[in-house]
Amino acid sequence: MTTPLPESAIEQTYYLNMGPQHPSTHGVLRLFLKLDGEYILEADPIVGYSHRGHEKMAESHFYEQFLPNTSRMDYLSGLIYNHGFVAAVEKMAGIEVPPRAEYIRVICAELNRICSHLLWFGTYLLDLGGITPFLYAFDDREHIMDALDRITGSRLTYNYCRFGGVAKDVDAEFARVTRVFIQRLRSRFDDYHTLVTKNVIFINRTRGVGVIDRNAALRFGCTGPVLRAAGVPYDIRRAEPYSVYPLLEFDIPTGTTGDVMDRYMVRMQEMEQSLRILEQALDNLPEGSFKGRAPRKVRPPKGDYYFAVESARGALGYYIVSDGTSYPYRLKMRVPSFGNLQVLTEVLPGTLVADTVAILGSVDIVVPEVDR
Amino acid sequence: MGMIRDVLVGSWSLITGMAVTIRRYGRRNVTTQYPRQRLEMSLSYRGHIEFKRFEDTGSHDCVACGTCVRFCPTNVIKVQGEKTQAHSKKRATLYFIDFSHCSLCGLCVANCPTKTLTFSQEYELAHECRWEGVVDLIRRIEATA
Amino acid sequence: MWQTAVDILGPDVARIVAGGIGLVTLVQINTLFLVWLERKVSAHIQLRLGPMEVGPHGILQSIVDGIKLIGKELITPRHVDRKLYVLAPIMVFTGVLPSLIVIPFSEQLQVRDLNVGVLLIFAFSAFNVLAILMGGWSANNKYSLLGAIRSVAQSVAYEIPLLLVVLNVLLWTNSMQMSTIVEAQSTIWNVFWMPVAAIIYLICATAETNRAPFDIPEAESELVAGFHTEYSGMRFAMFFLAEYSNMFIVAAVAATLFFGGWKSPPLLGFLPVPGVVWFFLKVYVLIFVIIWVRWTFPRLRFDQLMNFSWKVMIPVSLIHLVVYAGIIKIIH
């Protein structure tokens, strides 16, 4: 007598939960995959495991009190988030920022961008199995964090930008340390290219894999290196210029096909462009005050305002609705990782399960940013 | 022939990659063997806040105005003060900060009207009991007299 | 004491017993040493120091780790196939001792000089594959099984070029006896005139022992948790100790077949260094190279790994065999 097999045993497909706790998802991301043997049929990212209610917190704190929250959303671009929020409120309330403060903000933002890309480089190779470049990247990051520690007092959750400028002035020692770091990182790039970029194992794992083409990237609202690797040269620093970026010369690296290798090269080239920006900003740092006049409790006029900056992962936007009091009525952040994550539902089907980690790592998602 | 060229180029890339790693082998380590070697914090490091000792009075100048209490986003500060004479400033008698919830924003330091709050350089703040995170600033400044 | 043992057991058996005891000690000391060496080498490559606390420069770290692992609870999940589950970690070690019996540590230090020494070693290395499959199957977990299957496929695929390359050496030496192979290298080591064979052998050896960059079964291989996911404590440690012992065997065989065994290097023959010391030096230099490779390269994806074996390694080793067979025929 034969017993009939259950449905799931006859079907070829099975469900796999690349769960919230996984060594390779950067944060608590849950990827619900429907697999047919080794090939992915459907991919469903489920977020929300890291939701802390920042936007709700903003409604019960006044604008100055929300500043530490900004660094904690995407902890790898803490200063850029600071900058975005502060610039949004300054635009609302009409607060003047002295040029020295603008230059300092740009220097810190670019250092933060290099820091974030170095960490991405290290952890991406860790996902692929090469453990050593992670340590080398972190050694380089130490120098950035030391430099930023000197002026802000913090290594990760900087709370440095204030309404009207920055909290403390930079001194000549900081400029010297940063210039030393720029020289050092330029020489390290050769090592990274020899160890990683030209490595045949790395090339085979990344070339032609996980193609996010221009169409998909534009439809899902991807920004940042994901979009630029697909061939669209969209960078907020050039498209909607803010701060002193119009005065600085830098290129926007783009890719051609949008595969993993292109995203990798775009980020490596972005680091080099950031070094260029840093040099120009350090050379042209004007004298003057580092903080303009701002009321102790900012009370912006009624209305809604939007301000976008370019974080390490893409376009970061702050949408603030003010009702005239010192508490924002609604604060919404448009985070780059949210759009970048959604594109996975289109890219992952058809790929091998073994490539999931490579593709996920290359999109560079920080889940606390997605969940806020 | 393209395949042979690929194999040769690939092998050369592997060998040069190995050369990079082995070059790092003889270099000095970049880590610090804590706790045998201690780390120096920078001057602007944000430890928990503490009172600044002014030279003229030899003590703090907290007037228990409550600005730091109102500005703190996480409500970790508790202050009480008393006024001993009619036309004098208040003086703080109790000042507690629950550092385990402090987010190091610096709003208290920035907005203190008498500039008596400043960041300390304490970084060895691991404690075993939840209430050990509560720092009594007045006792702290008196203890280091 | 040696005389009484010989009297009681007979010279052959006494030699085997003494050799067995010596080899077991060697395996254990070697494993302790290799665990420490790997941690130190990886640390220095990564600009840090590695274990420094326990003993000077962390020498006693492996012993302390072993004591900790012995003290852990041996959890046997309910759903496993109990006999195979318990047998698998023991089975990984079955191939280790017989392989070490025929390795010539020096001119006299060889437990048994079989005239099919090389064949014995490669025959017993098949136990490793069997044990991994047993471990993956008994865990009753589809991901363990997938990991074990991948490991078996990888081992089988890389055994072929391994054997083809070793055939070159056997053709030259005309014998499978390990001591004869070492003697045949008295004029020049095999690595100098068949370097490609040595390189192919080392690559295949790295793949056979499941070391990076071929460590899909061993590392946190993305989704599949690996064949040793259901093992805890000492049983888990046995798999890794077996891996280090396999590394030693593979390096020892490489040293014997290609690097002249216990013979001194070409120009340093005048140094009064015993053969045993040269042998161990060569073995540990080769192990250092294997460790160095692990910490430099990212992992190969599984299908690329199999492609590499079937489409690159096997054709290259076949062509190599044909070419060198011709050369050897011409020389003789």
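How much area is buried between chain A and chain B, and what percentage of it do carbon and sulfur atoms give? The area buried between these two chains is about 2,200 Å², and carbon and sulfur atoms give 51% of it; buried area here is the accessible area, found with a 1.4 Å probe, that two parts lose on being put together, summed over both.

The model is a predicted one, in which local features need pLDDT of at least 70 and side-chain atom pairs count only at pLDDT 80 or more, while totals for chains, interfaces and linings use all residues. Residues are numbered from 1 along each chain as its sequence is written, chains are lettered from A and ligands numbered from 1 in the order in which they are written, and side-chain values use heavy atoms, with hydrogens and water left out.

**View 1. The contact between chain A and chain B.** Here 29 residues of chain A are in contact with 24 residues of chain B, where contact means heavy atoms within 4.5 Å. Between the two chains there are 16 residue pairs in polar contact, with both residues at pLDDT 80 or more; a polar contact is a pair of N or O atoms within 3.5 Å, of which, within protein, one must be able to donate a hydrogen and the other to accept it, and residues adjacent in sequence count only if both atoms are side-chain atoms. The count of salt bridges between chain A and chain B, by contrast, is zero, a salt bridge being a side-chain nitrogen of Lys or Arg within 4 Å of a carboxyl oxygen of Asp or Glu. On the side of chain A that touches chain B, the elements giving two or more residues are α3 (67-73), α6 (132-152), α7 (172-197) and α8 (200-206) of chain A, and α6(A) gives the most, with seven residues. Helices (H or I, at least four residues) and strands (E, at least two) are DSSP runs, numbered from the N terminus. The residues on this side of chain A divide into seven nonpolar, 10 polar and 12 charged, where Ala, Val, Leu, Ile, Met, Phe, Trp, Tyr, Cys and Pro count as nonpolar, Asp, Glu, Lys and Arg as charged, and the others, Gly among them, as polar.

**View 2. The contact between chain B and chain C.** This contact takes 17 residues from chain B and 16 residues from chain C, and the two chains bury about 1,500 Å² between them, 71% of it on carbon and sulfur atoms. On the chain B side, Met18(B), Thr21(B) and Tyr25(B) lose the most area to chain C, together 39% of what that side buries. One salt bridge is counted between chain B and chain C: the side chains of Arg36(B) and Glu53(C) meet in it, at 2.5 Å from N to O. The residues on the side of chain B that touches chain C divide into eight nonpolar, five polar and four charged.

**View 3. The sheet β6-β7-β8 of chain A.** Three strands form an open, antiparallel sheet in the order β6-β7-β8 of chain A, where two strands pair if DSSP finds at least two bridges between them. The edge strands, each pairing on one side only, are β6 (303-311) and β8 (328-334) of chain A. Nine bridges join β6(A) to β7(A), and these two strands form a hairpin with two residues between them. Strand β7 (residues 314-322) of chain A pairs with β8(A) over six bridges, and within this pairing Ile320(A) has Leu331(A) as its bridge partner. Helix α4 (residues 78-93) of chain A packs on the sheet, touching β6, β7 and β8 of chain A, and its direction makes about 40 degrees with that of β7(A); axes are lines fitted to C-alpha atoms, for helices over the stretch in contact, and angles run from 0 to 180 degrees between N-to-C directions.

View 4. Glu55(A) forms a salt bridge with Arg330(A), their closest N and O atoms being 3.1 Å apart. Glu55(A) lies in helix α2 (residues 54-59) of chain A and Arg330(A) in strand β8 of chain A, so the pair ties together parts that are 275 residues apart in sequence.
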